[in-house]
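Subject: Structure handover

Dear colleague,

My notes on what was found in it follow directly after.

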Amino acid sequence: MSDRSFKRVDPSIIKDGDLVVRDALRLLDAPTRRRFLQRGVTLGGLSLLTGCVLDDSESVNDLLTKISFFNDKVQAAIFSGGDLAPTYPESMITRPFPFNAYYGIDEVRHVPPEGFELEITGLVREKKSWTLADLHAMPQTDQITRHICVEGWSAIGRWGGVRFSDFLDRVGADKTARYVGFKCADDYYTSIDMPTALHPQTLLALTYDGRTLPAEYGFPMKLRMPTKLGYKNPKNILAIFVTNEYPGGYWEDQGYNWFGGS
Ligand SMILES: Nc1nc2c(c(=O)[nH]1)N[C@H]1C(S)=C(S)[C@@H](COP(=O)(O)O)O[C@H]1N2
Ligand SMILES: [Mo]
């Protein structure tokens, strides 16, 4: 949301809930506004999402402030599982692709491929561990998308692997659960909302640019989500769990926004 210039809403229109919402939406950027409109968000719905009682101009401004600060609930409500992130031609891939972690490249964790097993626990029917061969035996897909880091850089890369929703199907995950959490080899951890876990572009990535994912980009696997900022995309994943208890994340617990949409 780029338009952060607030204007006061004329109190005379407050009587009509739909008008208030429409006026409020004018202050948002076009894609966000479109998503709100597509979902038919009402004044009552917005009140519920933001916890504001929307009966005067003061509270409408309050609402706009909350929307502009990327309130997790508002972000989740406007995130439509069908909206696709842009994809790019091969010629636009950023080479070399940047490395980033909460430490330098010399400290990258090298997970040995021999005997590796991905642990999957929580609200799933099959709590068995997965070998890399098991994952490679599933249908594979790839995509060229843009990775956006909050630190102010972005880069286009190609990731291949298993569609995460296929994987969640196979393990019999409870899709009504709220969160999917990830534990990584470097003590990094993060968690995502179920609609994003089921998004068609969310990939359990095993390859980078057609080769086995190198350690610095996340071997044995990375969860690649072009709909989320860089820090939501865990690398060097060792364990995945499905839960209703908020798992937080490495940066999220230090104040980064949890939803982290891009
Ligand atoms: N395990 C792990 N995953 C991680 C991180 C990390 O420090 N450890 N950093 C995150 C951040 S902030 C970014 S921008 C991307 C960087 O991915 P890249 O090295 O493939 O560019 O990884 C994300 N996933
Ligand atoms: Mo990042």
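Strands β4 and β5 form a hairpin with four residues between them, and in that turn aspartate 187 has a positive phi of about 75 degrees. This is a predicted model, so to speak of local features pLDDT has to be at least 70, side-chain atom pairs count only at pLDDT 80 or more, and totals for chains, interfaces and linings use all residues; side-chain values use heavy atoms, with hydrogens and water left out. Residues are numbered from 1 along each chain as its sequence is written, and chains are lettered from A and ligands numbered from 1 in the order in which they are written.

Strands and sheet

Helices (H or I, at least four residues) and strands (E, at least two) are DSSP runs, numbered from the N terminus. On that basis the protein chain has eight helices and nine strands. Two strands pair if DSSP finds at least two bridges between them.

Tyrosine 179 stands opposite aspartate 193 in β5. Phenylalanine 182 has isoleucine 240 in β9 as its bridge partner.

These strands belong to an open sheet of four strands in the order β1-β9-β4-β5, with mixed pairing. Its edge strands are β1 (119–122) and β5 (189–193), each of which pairs on one side only. From one strand to the next the twist averages 20 degrees (axes are lines fitted to C-alpha atoms, for helices over the stretch in contact, and angles run from 0 to 180 degrees between N-to-C directions).

Burial and contacts

Buried means under 20% relative accessible area, exposed over 50%, and partly exposed in between (1.4 Å probe, protein chains only). Four of the five residues of β5 are buried, so this strand is largely enclosed by the rest of the structure. For the protein chain, buried residues make up 48% of the 262 residues.

The protein chain exposes about 12,400 Å², of which carbon and sulfur atoms supply 52%; accessible areas come from the Shrake-Rupley method with a 1.4 Å probe, and for residues only the protein chains shown count as cover. Of the contacts (heavy atoms within 4.5 Å) with a separation of 6 or more, 67% are between residues 24 or more positions apart.

Salt bridges

A salt bridge is a side-chain nitrogen of Lys or Arg within 4 Å of a carboxyl oxygen of Asp or Glu. By this rule the count comes to eight salt bridges.

- Arginine 158 forms one with aspartate 209, with the closest N and O atoms 3.5 Å apart. Arginine 158 lies in β3 (residues 153–163) and aspartate 209 in the loop between β6 (203–208) and β7 (211–212), so the pair ties together parts 51 residues apart in sequence. Arginine 158 is buried, at 18% relative accessible area. Both residues belong to a salt-bridge network that links Glu90, Arg95, Asp142, Arg158 and Asp209.
- Glutamate 252 and lysine 232 meet at 2.7 Å, N to O. Glutamate 252 lies in the segment after β9 and lysine 232 in the loop between β8 (222–224) and β9, so parts 20 residues apart in sequence are tied together. Glutamate 252 is buried at 6% relative accessibility, and lysine 232 is buried at 0%.
- Lysine 175 and aspartate 169 meet at 2.3 Å, N to O. Lysine 175 is partly exposed at 36%, as is aspartate 169 at 44%.

Regards
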